[in-house]
Amino acid sequence: MKILMIGAHQDDNEFRCGALAKKYVDLGHEVTFLSMCNGCGGHHILTPEETTATRAKESAKVAELLGITYDVWDIDDCSIVADLETRRRLIRYIRKISPDLIIAHRTIDYHADHRAAAQLVQDASYLLIVPHECPDVPAMKTCPVIMYFEDRFTNPEFKADVVIDIDTEIDIKLKIADINVSQVYEWLPYTNGQTVPDDPKERFEWLKGMDITPETTDEEVLAAQRGYAVRYAKTAARFRKELIEKYGVERGSKIRYAEAYQVSEYGSPLTEEKKKELFPF
Ligand SMILES: [Zn+2]
């Protein structure tokens, strides 16, 4: 299968579906990450050019670690517009990959780039199969299944139609965060007013946040303030009911880390048969 994950920025796909990407690659499927933006806006000290170059290097490391293809478009941060030109660029791009599954943002989001990227995927979705639209690239026969990766926005609330146990991928998921030095140790702490330890080992512990053990309760996880281990544990705590429904009480109640996905109405329907085929985990 071919899986295309579309984020506005370099970290959107990594942090939200990095473990799922790893699972697909391990089964021999092809995964592509697209970041529509070049990352230029995400730093407080580096110039936009330096930030773009730094992010490109970090993304190349992520691609190597996961065994995926990683495309970065040349759109500056905070500059994605859901216009006709960008829509057609996306239609051509998706058709060339011809994915079975697309995972992208919801339009419910705080960031203008996330909303515009989500809108572009929605706008492109039906047109993927329309031959007279962008006739230079053959139209797809059927629209792929489209899913949204998890967010925390509540109006309307994200719905976990598919939940994935990522306990075996948590180390690689934390490693992905650790690779994104300019994001997780520099830019994001700057925006949140946090101080990061200098020592690489200490800062990695800081990155993880609270130690999640088999005894840690969902209430403790949900009350924890920060950290990437906490962030991924929160998904399991938040969607415990869905995890138990899928994996049974024995396993579902013990899962520490999860990723969650919602079905988009604008792609092909995710039938039970299709769900088994696309998410064999
Ligand atoms: Zn983003």
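A crossing of two helices is termed left-handed if the near helix is turned anticlockwise from the far one by less than a right angle, and right-handed if clockwise. The model is predicted: local features need pLDDT of at least 70, side-chain atom pairs count only at pLDDT 80 or more, and totals for chains, interfaces and linings use all residues. Residues are numbered from 1 along each chain as its sequence is written.

**View A. Packing of helix α1 against helix α5.** α1 (residues 12-26) passes α5 in a right-handed crossing. Helices (H or I, at least four residues) and strands (E, at least two) are DSSP runs, numbered from the N terminus. The two helices pack at an angle of about 135°, with their axes 9 Å apart; α1 is therefore oblique to α5. Axes are lines fitted to C-alpha atoms, for helices over the stretch in contact, and angles run from 0 to 180 degrees between N-to-C directions. Angles under 35 degrees count as roughly parallel, over 145 as roughly antiparallel, 65 to 115 as roughly perpendicular and the rest as oblique. E14, F15, G18, A19 and K22 of α1 make the contact with I172, K173, I176 and A177 of α5 (contact: C-beta atoms, placed from the backbone, within 7 Å). These residues divide into 5 nonpolar, 1 polar and 3 charged (Ala, Val, Leu, Ile, Met, Phe, Trp, Tyr, Cys and Pro count as nonpolar, Asp, Glu, Lys and Arg as charged, and the others, Gly among them, as polar).

**View B. Packing of helix α5 against helix α9.** Helix α5 (residues 170-179) and helix α9 (residues 228-238) pack at an angle of about 130°, their axes lying 10 Å apart; α5 is thus oblique to α9. On the α5 side, I170, K173, L174 and A177 meet Y228, A229 and Y232 of α9. By class, this contact of α5 with α9 has 6 nonpolar, no polar and 1 charged residues. The crossing of α5 and α9 is right-handed.

**View C. Helix α4 and its buried residues.** The 16 residues of α4 (residues 112-127) should span 22 Å at 1.5 Å a residue, and the end C-alpha atoms are 23 Å apart, which agrees (expected span: 1.5 Å times one less than the number of residues). Among the buried residues of α4 are H114, A117, L120, V121 and A124 (buried: 20 or more other C-beta atoms within 10 Å; exposed: 12 or fewer; partly exposed: in between; C-beta atoms placed from the backbone). The buried residues of α4 pack against β1 (2-7), β2 (30-37), α3, β4 (101-104) and β5 (145-149).

**View D. Loop residue D83.** D83 is found in the loop between β3 (69-75) and α3 (84-97). With 12 other C-beta atoms within 10 Å, D83 is exposed. D83 and Q119 are 36 residues apart in sequence and 9.6 Å apart in space, C-alpha to C-alpha.

Note on methods: Two residues are in contact if their C-beta atoms, placed from the backbone, lie within 7 Å.
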